[in-house]
Amino acid sequence: MQALAEALKTNNTLQDLKLCACELGDDAITLLADGLRQNAGLQKLNLSYNFFTTDTMQGMQVLAEVLKTNKTLQNLKLCGCELGDDAITLLADGLRQNAGLQTLGLSGNTFTTDTTQGMQALAEALKTNKTLQRLV
């Protein structure tokens, strides 16, 4: 993943990256997010069916931070990643400041627990986000 992350820093022609069910963990997502910080070409990223949210939530924290500044990513799929309320809350924080994402795929996640914290955070983010068009 280190090599891919480094390539993303300088490659601005790759538009679509699918890393579904690759058993990516927090460390891999952190490296990938580091590459996305400097990338200005990737428009679609599919990380579905990876379970990268551990107790530390490091991967989701870093991904959410990247969303705050990345303007080229238009489509992010995190379907079936077993994201819970804490992960969705972090993601929602990134969405509040995001100015590029148009589609966010979250189907197959379990973020509606008794507290509904994740759903509430996502609803609040949707009030301020001006680019998101599809939540699937």
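Helices (H or I, at least four residues) and strands (E, at least two) are DSSP runs, numbered from the N terminus. With that in hand, welcome to this chain.

The structure is a predicted model, where local features need pLDDT of at least 70, side-chain atom pairs count only at pLDDT 80 or more, and totals for chains, interfaces and linings use all residues. Residues are numbered from 1 along each chain as its sequence is written, and side-chain values use heavy atoms, with hydrogens and water left out.

**The chain as a whole**

Five helices and five strands make up the secondary structure. Read from the N terminus, their order is α-β-α-β-α-β-α-β-α-β. Along the principal axes, the C-alpha atoms occupy a box of roughly 40 × 30 × 20 Å. The radius of gyration, taken over C-alpha atoms, can be set against a globule rule of 2.2 Å times the number of residues to the power 0.38. For 136 residues a compact globule would come out near 14 Å, and the chain agrees, with 14 Å.

Of the 136 residues, 46% are buried; here buried means under 20% relative accessible area, exposed over 50%, and partly exposed in between (1.4 Å probe, protein chains only). The chain exposes about 6,700 Å², of which carbon and sulfur atoms supply 50%. Such areas come from the Shrake-Rupley method with a 1.4 Å probe, and for residues only the protein chains shown count as cover. Contact means heavy atoms within 4.5 Å. Among contacts in the chain with a separation of 6 or more, 84% join residues 24 or more positions apart.

**Two helices side by side**

How do α4 and α5 pack? Helix α4 (residues 85-97) meets helix α5 (residues 117-128) at an angle of about 10°, and their axes are 8 Å apart. The two are therefore roughly parallel to each other. The axes are lines fitted to C-alpha atoms, for helices over the stretch in contact, and angles run from 0 to 180 degrees between N-to-C directions. Angles under 35 degrees count as roughly parallel, over 145 as roughly antiparallel, 65 to 115 as roughly perpendicular and the rest as oblique.

On the α4 side, the contact is made by D85, D86, I88, T89, A92, L95 and R96, and on the α5 side by Q117, G118, M119, A121, L122, E124, A125 and T128. Sorted by class, this contact has seven nonpolar, four polar and four charged residues. Ala, Val, Leu, Ile, Met, Phe, Trp, Tyr, Cys and Pro count as nonpolar, Asp, Glu, Lys and Arg as charged, and the others, Gly among them, as polar.

Start with N46, which sits in strand β2 (residues 44-46). Setting aside neighbours within four places in sequence, N46 is in contact with L17, K18, L19, C20 and K77. K18 is 28 residues from N46 in sequence, yet their C-alpha atoms are 4.7 Å apart in space. L106, in the loop between β4 (103-105) and α5, is 60 residues from N46 along the chain, with 11 Å between their C-alpha atoms.

Next comes the loop between β1 (16-18) and α2 (26-38), where A21 is found. E23 also lies in the loop between β1 and α2. Most residues other than glycine have a negative phi. A21, however, has a positive phi near 50°, and E23 has a positive phi near 55°.

| Residue | Relative accessible area | State |
|---|---|---|
| N46 | 13% | buried |
| L106 | 5% | buried |
| A21 | 53% | exposed |
| E23 | 77% | exposed |
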